[in-house]
Amino acid sequence: MPTTTTTKKIVDANLSVGFVAKRSGVNVSALHFYESKGLIRSWRNNGNQRRYKPDVLRRVAVIKAAQTMGITLDDIKSTLDTLPEQRTPTKKDWSALSKKWQAQLDERIAYMQRLRDKVDGCIGCGCLSMNNCPIYNKDDHLGDEQSGAVLLNTPQK
């Protein structure tokens, strides 16, 4: 059970940057960065200190969860910007938001599986150092089409 002090701080709607950082598990500098990118908002009190509403804790949790899935901050922002009046995502919102990111997550999983399955063989990078590369990439013909690890970056058909 939270202490009375903790409960009071959360209900206050006047949370300090230090409290939000501690409670959400991010550094103060990360909160400032999120704010500069328009992901969260605060206001200044009479002493010119940042203050947050309690719902910023959910917004930061959503940002962290999305980042953990590999979603970029730009994608997170554009998705959060679809919410009316920049409100914090509800459970229903989170369900809809996360579905938008599932395709990206599926692509990342597929890429990681290709990496796991192919990294010990020819990946089409152009080095031609592996014995079996000439079979797949004779004279680095893949380099004429694309750059990087062409075979690794191409979805399997």
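The legends below describe a predicted model in an overview and a set of close-up views.

In this predicted model, local features need pLDDT of at least 70 and side-chain atom pairs count only at pLDDT 80 or more, whereas totals for chains, interfaces and linings use all residues. Residues are numbered from 1 along each chain as its sequence is written, and side-chain values use heavy atoms, with hydrogens and water left out.

**Overview. The protein chain holds 9 helices and 3 strands.** Helices (H or I, at least four residues) and strands (E, at least two) are DSSP runs numbered from the N terminus, and from that end the elements follow the order α-β-α-α-β-β-α-α-α-α-α-α. Of the 157 residues in the protein chain, 29% are buried, where buried means under 20% relative accessible area, exposed over 50%, and partly exposed in between (1.4 Å probe, protein chains only). The accessible surface of the protein chain comes to about 10400 Å², with 52% belonging to carbon and sulfur atoms; accessible areas come from the Shrake-Rupley method with a 1.4 Å probe, and for residues only the protein chains shown count as cover. Among contacts (heavy atoms within 4.5 Å) with a separation of 6 or more, 54% join residues 24 or more positions apart.

**View 1. The largest nonpolar core has 25 residues.** A nonpolar core is a set of buried Ala, Val, Leu, Ile, Met, Phe, Trp, Tyr and Cys residues joined through side-chain atoms within 4.5 Å. The residues with the most contacts inside this core are Leu 31, Ile 40, Tyr 52, Ile 63, Ile 76 and Leu 80. At least two core residues are supplied by each of helix H2 (17-24), helix H3 (28-36), helix H4 (56-68), helix H5 (73-80) and H6, and the largest share, 6 residues, comes from H4. In soluble globular proteins, nonpolar side chains tend to be buried together.

**View 2. Ile 40 is in contact with residues that include Leu 31, Tyr 52 and Ile 63.** Once neighbours within four places in sequence are left aside, the contacts of Ile 40 also include Tyr 34, Glu 35, Val 56, Arg 59 and Val 60.

**View 3. Arg 50 forms a salt bridge with Glu 35, their closest N and O atoms being 2.9 Å apart.** This pair links distant parts of the chain, with Arg 50 in strand E3 (residues 50-52) and Glu 35 in helix H3, 15 residues apart. A salt bridge is a side-chain nitrogen of Lys or Arg within 4 Å of a carboxyl oxygen of Asp or Glu, and the count by this rule comes to 4. Arg 50 counts as partly exposed, because its relative accessibility is 21%.

**View 4. Lys 77 forms a salt bridge with Asp 81, the closest N and O atoms lying 2.9 Å apart.** Lys 77 is partly exposed, with a relative accessible area of 26%, and Asp 81 is likewise partly exposed, at 39%.

**View 5. Asp 117 forms a salt bridge with Arg 116, with 2.8 Å between the closest N and O atoms.** At 46% relative accessibility Asp 117 counts as partly exposed, whereas Arg 116, at 57%, counts as exposed.

**View 6. Ser 98 is found in helix H6.** A polar atom of the Ser 98 side chain lies 3.1 Å from the backbone oxygen of Ser 95, and Ser 98 counts as buried because its relative accessibility is 15%.

Notes. A polar contact is a pair of N or O atoms within 3.5 Å; within protein, one must be able to donate a hydrogen and the other to accept it, and residues adjacent in sequence count only if both atoms are side-chain atoms.
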